[in-house]
Amino acid sequence: MTEYGRGPGSEPWHPEDPLYGDGGWGGQQAHVGQQSPYGGQPQQQYPQPQHGDWTQGQQSGYDQQQYQYYDEQSQQQYGQQYTGQDQQYAVQAPQQYQHQGGWEASGTHGQVPYPPDPSDPYGQQPASYGGEAPDFYGTEDAYPPPVPPSRRRPESKPEPDPETGWDPGEDRGEHAFFAGGGDDDDVDDEADSRSGRGERRGKKPVKSKKRRTGCACMVVVLVFGGGLGTVGYFGYKYYQNRFGPAPDYAGSGNGEQVTVSIPKGAGGWEIGAKLREAGVVESADAFVSALQANPKGKGLQEGVYTLEKQMSAASAVQLMLDPKSQNNVIVTPGERNAGVYAAIDKKLQLSTGTTRKLAKQEYRKFGLPSWAQRSSQIQDPLEGFLFPGTYAAAKGMKPDAILKQMVTQAKERYAAYDLPSKAKALGLDSAFQLITVMSLVQAEGKTHDDFRKMAEVVYNRLKPTNTETNQLLQFDSTYNYLKGTSNIHISEKEINSNQSPYNTYTHKGLPPGPIGNPGEDAMKAALNPTHDGWMYFVATDGVNNTEFAKTNEEFEKLKDKFNASSGN
């Protein structure tokens, strides 16, 4: 009985048997007196072995181990033998073997279970054991004998091409990329080899491989060359940026003028970047180098400059240091608004008095602080609010835009010091009065050391306990502001005859408003005066040398010194 519970007999296997049929092997096995075709070719019959151990035995002419297997359709047992490089197949009968050289049919009838096929020319030739049947697979184009599924092995190594010497199976260490083929090429070549068409292709595989290899190498060369070019370019740029001179134009420009605005506080690199964007210089690095090489380079200020395109960096620096190239209005510390208005008219090429008239009419639109006073006694509501600095004033601009920049700058600077609270701490009524004190300190002081002493003089004279001057400031600067002059020789008759609130010889306390635009030093001095008891001061040389006194006696001595120096 077989391992699936079926004994010998004529009854065919049940279709549900797992070995029933062969889904992967389409060949039919031979029956007695019949040869089954395989792929359209007759099957070669091989001599059968004699009696012996069919499972594993030694037979005459067989020096290798026999293997047993069951055919999934006919249940005939075959033994496969291997001798050397040739493969031989021996068919073993599943039933009893007769010494007369024939088959004994299985079953009770003792006859062949299937009739021979009349269309098979070889079907009437019975196979005999011990003899040789003709080899029907020996022709040139014949398929190899069928191999049972359980004993199939991978195909043997393809033979080299006799004409070209190309060995398809030789491992030349080539990567698939250099072979020019991809996954699809490999599948096609393998399919051709399996179907037996490899030899009929001739030299085509060799040429295709060479062609693909050449293209692959060209791609590699292009990629590698491009990589070298990229590395070389960036290496050159790195060398130029690190060690080479900065790109720079030659000459003093091409005649095409441009206007460049430089903001306050801009450094050399920022200025150079703006000039490069305007086409003035070729690189910011070249401008920075030229600015550092010029001894006056540190004096370059913010403002609007008229320059030319394609200038060398050195020429651009030299021209920017020349006031003729500057389209700016510069407000100096202590300068009065009248001088600022005149400068704006000149820069914008406006008629004299245009900006002054606009300031008087439109001052409310410029954004003054809320604590700024607008008394009818104030000579100019914008006085003290045009903060010192450099402002762009090129032709085509409007004066109100320039004035608004100045007021905005003053408002920001004053807000940083919290003037309302500081004014109260110093005994003043408002921040507006503190701006007025700052303007007086700026106008009367000459040096940085003078400013703090001058601020103390103002505060001491404003005190109600002041018995030296009875709260009179007696400053020439306030009277000169009223008159629009800068005269230090004012007669007592002239002073006493003028009753303007800006005349501090005849009116106690501070004037109605600031008399100029204080700078940063005067602002700080007014916020932090000395406390040494100073009440008097005299410019003994009439210009720069200011001396201070605490008593009237000391003051008289300083007056005599002034008169002697002036020839009076």
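Which handedness, left-handed or right-handed, does the crossing of H4 and H5 have? The crossing is right-handed, meaning that the near helix is turned clockwise from the far one by less than a right angle.

Before I continue, a note on the model. This is a predicted model, in which local features need pLDDT of at least 70 and side-chain atom pairs count only at pLDDT 80 or more, while totals for chains, interfaces and linings use all residues. Residues are numbered from 1 along each chain as its sequence is written, and side-chain values use heavy atoms, with hydrogens and water left out.

The axes of helix H4 (residues 268-277) and helix H5 (residues 284-293) come within 8 Å and cross at roughly 130°. Axes are lines fitted to C-alpha atoms, for helices over the stretch in contact, with angles from 0 to 180 degrees between N-to-C directions. Helices are DSSP runs (H or I, at least four residues), as are strands (E, at least two), numbered from the N terminus.

I turn now to the nonpolar cores. A core is a set of buried Ala, Val, Leu, Ile, Met, Phe, Trp, Tyr and Cys residues joined through side-chain atoms within 4.5 Å; buried means under 20% relative accessible area with a 1.4 Å probe, protein chains only. In the largest core, of 56 residues, Met406 and Leu419 touch the most other members. Helix H11 (431-444) gives the largest share, eight residues. A second, separate core of 20 residues includes Leu275 and Ala286.

How values were computed
Buried means under 20% relative accessible area, exposed over 50%, partly exposed in between (1.4 Å probe, protein chains only).
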